[in-house]
Structure formats: C-alpha cells, structure tokens
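Please read this briefing alongside the sequence and the structure shown here.

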Amino acid sequence: MKNSTIKFVLPIVFIVSITIGFSNLENKKKLNTASEASINLNEPFDIVMEVLTHKRCVNCHPAGDTPLQGEDSHLHNFGIVRGEDDHGLAGYTCNTCHQDENNIYSGVPGAPEWAVAPREMVWEGKTRIEIAQQMMDPKRNGGRSPKEIERHLTEHELVLWAWDPGVDAEGIEREKPPIPKDQYIAAVKEWIENGAIIPNE
Amino acid sequence: MKVAFIINGEEKSVEADENSPLLWAIRDGLNLKGTKFGCGKAACGACTIHVDGNAVRSCSFPLKMAKGKSITTIEGLAENNTLHPVLQAWKEEIVPQCGYCQPGFMMATAALLDKIPNPSDEDIDKNIINICRCGTYYRMRKAIHRAAAIKSQSSIK
C-alpha cells in the first residue's frame, strides 16, 4: 500500500514543495518589499502585523489544507491535513501528537485547542493589509467583534504560545516573534481601541 | 508525582516525573511491554495507545495528563479470551514481519474503526500514518478491510 503510494507521492510532494517554496519566496519578497517601504514600529498596526506575519502564526494559517511547520515553514510531515473541523482527521487528530503544552521529551509543540485556522482565515501569502482586512471582517473571522478579536489576539493560549514555542526534536529552541509579548499585547489593544484602522484602506 | 488512571479496565497508579512520557509509565512502571518505543518524536506511531478512546502517541504524552483518564494498550484490546476484530484480522492476514511496529498500527486501526467503521483505501492512507520498516503496508491494508468486516459482525466493538 504505502510503498507504491510513496513512489508516486514523493516526487509529487517534492515538486509541490519546490513550487510552494518558490511561491513562498515570492510572498516573502512581497512582504519584505512592503515592510521596507512602510513599516513603522512606532505604529501599533505595524507592531501587531510584525507578529501576525511571523512563522509561529502563519504556519497554522496555511493557504492549503496542510499546516506548515518548522523554521522554514515546510509542509507538515506525514501528509497531515486539516480535516472537516480543522482538528485533523477522524482517526488521526492534531491531539494524537499535540497536547496542551510543549513536550520537552519528543519536541512536539503543544497548547490548548491546537488546530489549523479555518480556510477563511488563510494568512500564508497575504499582505499585512489583506490579513488585517480579513481578520476584522466578521464574515471571515468567525463572526468575531473587534473586542472578541482583541481577546483572541491577546488572551488565547494558542496565540500566546508563540512566545513559548519550546524546543524541537533536536532540542533547538523555536524562534519567537520579533516583538516582545507585552509590547504586542499593548499594541493590539491600542490599535483596536483606536478603531482598528488599516493603512491604505 | 503519583498519577492514577484506568488502564485496560483496571485502576492503576504510577509514581514518576509528571512530565515523563506515559510510554515509560506503561512499559516500566506497569510492565506492559506491548507498547513500543520507536522514534520518540511522535513520528513513527509505534507507541500508539488510546486515551479516552482516541489514538495518542504515548512518547509525546506526559504522565500528568493521564490522570483520571481511561487508557487502552495493545494488551487490553482483547476482551477476556476473545480477540478484537483488529487482532483477528492481523492474524488471518499474517501481517507482521519483524512485528515491532505492529502494536502501534493495530491501536491506530482500532481507533480508526471506532470513528470510520468501513474505511476506504483513502481513509486508510490518510489516517494510518505509522511507519513499518518491513514494509507490511500491503498486508495491513487488507487486514484493516478485513477487521472492518469482522467488526461489523462482532460483539466486540
């Protein structure tokens, strides 16, 4: 079963990975271009988006059905897919491996409600403005109000896991977002309190 | 830390580091050697057990989280002297070669059949992602279909 599957699937995965790898490069280039042009880390919006576009966030807001993982944001090993409820498949859920906290023995990361973000909340490949627009749109943010988005971004343990990402299977610490947690939380609150203005909207 | 849980229908407790893998508590604390250590990274699936009916990689499941839970290992898959449909199918299809990874596969299969009683080949490919270095996948696929058929007529669900 799997031998034959692997023979056909591996080359496809390789090609897809290369393709996605190149598309990611393109996306990063786009984001970097935008960053160089307009990022001002005195602005709450920019501080927030520096975090939300980091791999610790984007890896679980993938463009496809497979989450990303690792510092290079590769497609999750083992052909993992989101499933109908974004928590994996019936016989193999996210919680088969990921528990409520990081595991220092296996290097498997964990936090409560570990899951892939729903399809309407894709961030991979999008600009900061596009991410912000969809994040504040109740039709694409799970029906959340701005206050609920604020709570999600500043209190949800799965989101705040980004600052406590643990170590990988080799014992190497995962990269944290480039903004300290307290500064990020303050920026989220200030941005939403002031109307969640999205630049160039 | 002393952690109590139900394993294979019996109340047991294990005293060990609360963050240590449940796998060690099962193998070394309770001397249930059927569950195997494979990669230690939750990748190969040799250590798969059930916690409250769900497949879990016990090498990546801390002992403390087992508190009060109901755990099933390969030793508990049969009821009395009646083989579970998965065990029966594995025997009929003569699946194992070296056998090391098979308990994990059987536990993953048992969990799958509880959720998807009659899995398609695609369901099997996507849900059973354990690793067998002997390459018994072909026989396992047949056994999984066989187990589904047996289970549909079995008193052991």
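A residue is called buried if 20 or more other C-beta atoms lie within 10 Å of its own, exposed if 12 or fewer do, and partly exposed in between, with C-beta atoms placed from the backbone. By that rule, 49% of the 157 residues in chain B are buried. This is a predicted model, in which local features need pLDDT of at least 70 and side-chain atom pairs count only at pLDDT 80 or more, while totals for chains, interfaces and linings use all residues. Residues are numbered from 1 along each chain as its sequence is written, and chains are lettered from A and ligands numbered from 1 in the order in which they are written.

**Fold of chain B**
- Chain B has five helices and five strands (DSSP runs numbered from the N terminus: H or I of at least four residues for helices, E of at least two for strands).
- Along the sequence, the order in chain B is β-β-α-β-β-β-α-α-α-α.
- The C-alpha atoms of chain B occupy a box of roughly 45 × 35 × 25 Å along the principal axes.

**Contact between the chains**
- Chain B gives 28 residues to the contact and chain A gives 23 residues (two residues are in contact if their C-beta atoms, placed from the backbone, lie within 7 Å).
- On the side of chain B that touches chain A, two or more residues each come from strand E4 (54–57), helix H3 (102–115), helix H4 (121–127) and helix H5 (137–152) of chain B.

**Confidence in chain A**
- Chain A has a mean pLDDT of 85, with 81% of its residues at 70 or more (pLDDT is the predictor's confidence in each residue, from 0 to 100).
- Confidence in chain A is lowest in helix H1 (residues 2–38), at a mean of 42, and highest in helix H7 (residues 181–193), at 98.
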